[in-house]
Amino acid sequence: MRALFLLTLTLELMVSALGGSPKSADAVRIAEGWHPWYQLIADSENPQNLLVCGAKWNAKENALSGVVYRSADGGREWHQVLEDKNSLWVSEQSCAFGPNHTAYFVSEASFVNQGEPDHHLGTTRLFLSEDGGEHWRESLQTGWADWSTSAVSPTSGRLITFFQHSGDLDADRVHASTIGGLVSEKDGNAVSGPYLNKD
């Protein structure tokens with residue numbers, strides 16, 4: 001189990017690489033608290049529009065939640081725009097931008113029984129924003145997607161989420177892991193898969 005500690009989530013933004021011009025070289029404060037999992041993404045159609053998504057620890061509630069922070073000015077100011085608190089253990093997040101400033105947030109809520117998470121009984125939720133991450137709606141639910149990472153296909157425009165699928169047994173009845181994939185439609189209202197690589 002990871003040691004619990006407080007961490008201020010800060011980024012030394014390379015604003016020039018993102019197409020902006022910094023006012024100073026100071027670190028930008030996004031949020032306080034322990035964020036054991038986070039990812040920074042930029043809107044390719046507007047590099048000033050940034051999202052940080054991931055997990056946030058709440059010590060008072062003894063719980064993990066999924067969060068999205070947004071900056072519309074290249075990282076100078078940040079605001080929390082979404083929090084997924086669908087269980088006491090929400091983790092394994094990923095996020096991606098697609099065409100027309102569409103943003104996706106994949107967040108997994110584990111089933112918690114007497115304080116212990118049972119991930120295989122958990123639920124993956126897809127949240128969608130059609131305005132660059134300012135407003136969000138939950139668009140669908142599916143099974144647990146451990147260690148997710150997501151990207152939008154440049155050809156189909158669909159969201160592809162890869163994850164670790166650990167529910168398989170090999171020939172000796174030993175647990176094994178395979179790579180899984182989910183494919184979500186552009187509007188976030190349908191998902192296909194999981195597609196599993198068992199080789």
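This is a predicted model: local features need pLDDT of at least 70, side-chain atom pairs count only at pLDDT 80 or more; totals for chains, interfaces and linings use all residues.
Figure 1. Ser-184 counts as buried because its relative accessibility is 5%, under the 20% cut-off. The residue belongs to strand E13, which covers residues 175–184. Leaving aside residues up to four places away in sequence, Ser-184 touches Leu-126, Arg-158, Leu-159, Ala-190 and Val-191.

**Figure 2. The aromatic pair of Trp-34 and Trp-57.** The structure holds 4 aromatic pairs. In the pair of Trp-34 and Trp-57, the ring centres lie 6.1 Å apart and the planes meet at 65°, so the arrangement is edge-to-face. The pair links distant parts of the chain, 23 residues apart: Trp-34 sits in the loop between strand E2 (28–31) and strand E3 (37–43), and Trp-57 in strand E4 (residues 46–58). Trp-34 counts as buried at 9% relative accessibility. Trp-57 is also buried, with a relative accessible area of 15%.

**Figure 3. An aromatic cluster.** Phe-105, Phe-127 and Trp-136 together form one aromatic cluster.

**Figure 4. The salt bridge of Glu-32 and Arg-29.** The model has 5 salt bridges. One of them joins the side chains of Glu-32 and Arg-29, with an N to O distance of 2.8 Å. Glu-32 and Arg-29 are both exposed.

**Figure 5. The salt bridge of Glu-83 and Lys-56.** The side chains meet with 3.8 Å from N to O. This pair links distant parts of the chain, with Glu-83 in strand E6 and Lys-56 in strand E4, 27 residues apart. Glu-83 is partly exposed, at a relative accessible area of 31%. Lys-56, at 18% relative accessibility, counts as buried.

**Figure 6. The salt bridge of Arg-125 and Glu-138.** Here the N to O distance between the side chains is 3.6 Å. Arg-125 lies in strand E9 (residues 116–129) and Glu-138 in strand E10 (residues 137–143), so the bridge ties together parts that are 13 residues apart in sequence. Arg-125 counts as buried at 11% relative accessibility, whereas Glu-138 is partly exposed with a relative accessible area of 36%.

Figure 7. The pLDDT is below 50 over residues 1–8, a stretch with 17 contacts in the model beyond near neighbours in sequence. It is also below 50 over residues 11–22, where the corresponding number of contacts is 26.

Methods. Residues are numbered from 1 along each chain as its sequence is written. Side-chain values use heavy atoms; hydrogens and water are left out. Helices (H or I, at least four residues) and strands (E, at least two) are DSSP runs, numbered from the N terminus. Buried means under 20% relative accessible area, exposed over 50%, partly exposed in between (1.4 Å probe, protein chains only). Contact means heavy atoms within 4.5 Å. Rings of Phe, Tyr and Trp (its six-membered ring) pair if their centres lie within 6.5 Å; planes under 30 degrees apart count as stacked, over 60 as edge-to-face and the rest as tilted. pLDDT is the predictor's confidence in each residue, from 0 to 100. A salt bridge is a side-chain nitrogen of Lys or Arg within 4 Å of a carboxyl oxygen of Asp or Glu.
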